[in-house]
Amino acid sequence: MRAGFPDFRLGSVLATSFTATLTERCGDAVERIPVPQRLVDWLVVSGLDVDSCTDAQLALARELRESIHAVATAAATGEALPAAAVRVINDRSAQGRAVAVLTPEGERRWRLSSPSRVEDALGVIAADAIDVISGERDGKLALCASPTCQAAFFDTSRSRTRRWCDMGTCGNREKKARFQRKNAGVVSP
């Protein structure tokens, strides 16, 4: 990734990967799309090729991200979905004009109405959130067990008991802390 910016946390689910552009929500928050170009970078690595982004489009993206996070959190905890956040997701989905296309290799890609159409990309993310939250996909929404993270993620493990949004970050950090607590006071010869 670009020097000076934190790496992206990419998962297999577009909508929850998008919410991971703000991490450590309950600790020292890390904004991974602080400027419009970083949103372009995230969209490109996520298969939604855009070539530019304005401050206004970045604001729309962040509003969508926070709306998806709020609705996914409510769904994961069994609470009522926040109406304002649902409205934002629906509006972004309706405003996008992206079309799914099949590549010669048999892969699904998105064709945006123009190379700089961030709204189309946001529509794809919103549609993915709708699929995940409405139960159209096989899996379960959950919240990361890390007390500083609390990220919403989509658990597709067999048992649907995954605890961490990412084993490489939150899971390893917790295992390391548990190991240190367990071995505190144990003196090696």
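Start with the cysteines. In this predicted model, the count of disulfides is 0. A pair of cysteine sulfur atoms would have to lie within 2.5 Å to qualify.

Select Cys144 next. Cys144 has 1% relative accessibility and therefore counts as buried. Move on to Cys149. Its relative accessibility is also 1%, so Cys149 is buried as well. The cut-off for buried is under 20%.

**The main core**

Now go to the largest nonpolar core, which has 27 residues. Select Phe18, Leu39, Trp42, Leu43, Leu64, Ile68 and Ile125. These are the members that touch the most others in the core.

Helices H1 (14–19), H2 (36–45), H3 (55–77), H4 (83–95) and H5 (118–133) each contribute at least two residues. H5 gives the most, with 7 residues.

Centre the view on Ile125. Leaving aside residues up to four places away in sequence, Ile125 touches Leu14, Ala15, Phe18, Trp42, Leu43, Leu48, Leu64 and Ile68.

**The aromatic pair**

How many aromatic pairs does the structure hold? There is 1. The ring centres of Phe18 and Trp42 are 5.0 Å apart and the planes meet at 50 degrees, so this pair is tilted. Phe18 sits in helix H1 and Trp42 in helix H2, so the pair ties together parts 24 residues apart in sequence. Both Phe18 and Trp42 are buried. Each also touches Ile125.

**Along helix H5**

Finish on H5, the helix that gives the most to the main core. H5 has 16 residues. From first C-alpha to last, H5 reaches 22 Å, close to the 22 Å expected at 1.5 Å a residue.

Is H5 mostly enclosed or open? Of its 16 residues, 12 are buried, so H5 is largely enclosed by the rest of the structure. Select the buried ones: Val118, Glu119, Asp120, Ala121, Leu122, Gly123, Val124, Ile125, Ala126, Asp128, Ala129 and Val132.

Last, step just past the end of H5 to Gly135. Here the backbone takes a positive phi of about 90 degrees.

Conventions
Residues numbered from 1 in each chain as written. Predicted model: local features only at pLDDT ≥ 70, side-chain atom pairs only at ≥ 80, totals over all residues. Heavy atoms only, no water. Buried < 20%, exposed > 50% of the residue type's maximum accessible area, 1.4 Å probe, protein only. Core = buried A, V, L, I, M, F, W, Y, C linked by side-chain atoms within 4.5 Å. Helix = DSSP H or I, 4+ residues; strand = E, 2+ residues; numbered from the N terminus. Contact = heavy atoms within 4.5 Å. Phe/Tyr/Trp six-rings, centres within 6.5 Å; stacked < 30°, edge-to-face > 60°. Expected span 1.5 Å × (residues − 1).
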